Amino acid sequence: MALAGRCRRLRLARKWKQATLAERAGVSLASLRRFEQTGRISLKSLLRLSFVLGRLGDFDALFPSPRADSLEALEAMSSSPQPKRGVR
């Protein structure tokens, strides 16, 4: 709900109606209304809203690249093959 509240405040700061934001983001008005009331929304719709509101870059902090503690660690990260699947 906190995320939905911040989205709503950004919308209101631009003096946009829900219909305006929904149309600009390519999200259904019902989805935006549900998001602002319940906090529920698909990731795709959330990313679209974030793009239109100029906050898409905030998602970069969710999954930062691993940091190397040494040159050896950096070389190991770049040379080791990445698994294609997870292990159970």
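1. Start with the surface. The chain has an accessible surface of about 7200 Å², and carbon and sulfur atoms hold 54% of that area. The model is a predicted one.

2. Next, burial. The chain has 88 residues, and 20% of them count as buried.

3. Along the sequence the pattern reads α-α-α-α-α.

4. Contacts across the sequence deserve a look. Take the contacts in the chain with a separation of 6 or more. Residues 24 or more positions apart account for 44% of these.

5. Which residues make the nonpolar surface patch? They are Leu43, Leu47, Phe51 and Leu56. The patch covers about 390 Å².

6. Leu47 sits in helix H4, which spans residues 43-52. Its relative accessible area is 31%. Leu47 therefore counts as partly exposed, since that class lies between the buried limit of 20% and the exposed limit of 50%. Patch residues need over 30% relative accessible area, and Leu47 has 31%.

7. Now the largest pocket. It holds about 300 Å³ of space. The lining has 14 residues, and the closest to the pocket centre are Leu3, Arg6, Ser50, Arg55 and Asp58.

8. Which helix gives the most to this lining? Helix H1 does, with five residues. H1 covers residues 2-13, and both H1 and H4 supply at least two lining residues each. Helix H4 also carries Leu47, one of the residues of the nonpolar patch.

Conventions:
Residues numbered from 1 in each chain as written. Predicted model: local features only at pLDDT ≥ 70, side-chain atom pairs only at ≥ 80, totals over all residues. Heavy atoms only, no water. Patch = residues over 30% accessible without salt bridge, like charges linked within 9 Å, V, L, I, M, F, W, Y side chains within 5 Å. Areas by Shrake-Rupley, 256 points an atom, 1.4 Å probe, with all protein chains shown as cover. Salt bridge = Lys/Arg side-chain N within 4 Å of Asp/Glu carboxyl O. Helix = DSSP H or I, 4+ residues; strand = E, 2+ residues; numbered from the N terminus. Buried < 20%, exposed > 50% of the residue type's maximum accessible area, 1.4 Å probe, protein only. Contact = heavy atoms within 4.5 Å. 1 Å grid on protein atoms, 1.4 Å probe; cavity = no way out; pocket = protein on both sides within 12 Å on 5 of 7 lines; lining within 4 Å. Points joined across faces, edges and corners; volume = space filled by probe spheres on them.
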